Amino acid sequence: MEGKYKEIVRTIPNSECEFRYIELKAMAYFSEDNKTMNKLLFILDGELKIRCNGIQENKIAKKEFALVPQGCKWHGETSSGCRAIILRFKKINNLCNGRKIERLLDAYPRLVEDSFPVLEIKRVLQVFLDLLEVYMLEKNVEKSLFALKDEELFSLLYIIYPYKDLARLLFPALRKEADFKSFVKINYLKVENVSGLAELAGCSLVTLNRKFRKDQIQIIRFSLK
């Protein structure tokens, strides 16, 4: 693979986030076994075929982006070449506040995890990514600059895209990292019983009950049967 793969990493100081720039020549691939990070993939040029956990296969084309969630072992390959920027982050609440998380969950109340939702890179976001690519390729740019770019990126996403579309995209990260009390507050009236809430949260009834006890949440209308 020598000469076919280029990667530049810009770690954000004092943060659990980092930007990566990748450049793949035709018939090249790369893989990642880090299961502790969520990855937002922005395709600047070409097309990337993504395979998650050795099973599911999806494609992201030029001017599209998608989320590869935490816990997924994945690799990407291209037949025609590809350039991409990747934001890797551990927790979504490191990138946005609890109120925005609540709005995302509220905008998509019956969240059903799509197999692999893909969004179009709109013009304003494209301008941001083009400039970020310049920063990534410039060796003399201070790392502290990138500490501002993750927040700027998410601010743009909230401005440009409807909350429902953004919630679909970020659902795997939202489900795992959203504050539990906020999740219950938003969703308990939308289900008939605790089993329905457990299904919505993507966990077992035993796990949900444990979370209730841990966070000292009491909702009288629920029957714990």
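I started with the side chain of His75: it makes a polar contact with the side chain of Glu77, at 3.4 Å. This is a predicted model, so I'm reading every entry here as a prediction.

Where does His75 lie? I found His75 in strand S7, which covers residues 74–78.

Next I looked up what His75 is in contact with, leaving aside neighbours within four places in sequence. I got Phe30, Ser31, Lys49, Ile50 and Arg51. I also checked Cys52: it sits 23 residues from His75 in sequence, but their C-alpha atoms are 6.8 Å apart in space.

Then I moved on to Asn58, which has its place in strand S5 (residues 56–61). Asn58 is buried, because its relative accessible area is 14% and the cut-off is under 20%. Not counting residues up to four places away in sequence, Asn58 touches Leu48, Lys49, Ile50 and Phe116. I noted that Lys49 and Ile50 turn up for His75 and for Asn58.

Last entry: strand S6, residues 64–68. I see 4 of its 5 residues buried, so S6 is largely enclosed by the rest of the structure. Which strands are joined to S6? Strand S4 (residues 38–52) runs antiparallel to S6, with 4 bridges between them. Strand S9 (residues 118–120) is antiparallel to S6 as well, with 3 bridges. I picked out Ala66 in S6: Leu41 stands opposite Ala66, and Ala66 also stands opposite Val118 in S9.

Notes
Residues are numbered from 1 along each chain as its sequence is written. This is a predicted model: local features need pLDDT of at least 70, side-chain atom pairs count only at pLDDT 80 or more; totals for chains, interfaces and linings use all residues. Side-chain values use heavy atoms; hydrogens and water are left out. Helices (H or I, at least four residues) and strands (E, at least two) are DSSP runs, numbered from the N terminus. Contact means heavy atoms within 4.5 Å. A polar contact is a pair of N or O atoms within 3.5 Å; within protein, one must be able to donate a hydrogen and the other to accept it, and residues adjacent in sequence count only if both atoms are side-chain atoms. Buried means under 20% relative accessible area, exposed over 50%, partly exposed in between (1.4 Å probe, protein chains only). Two strands pair if DSSP finds at least two bridges between them.
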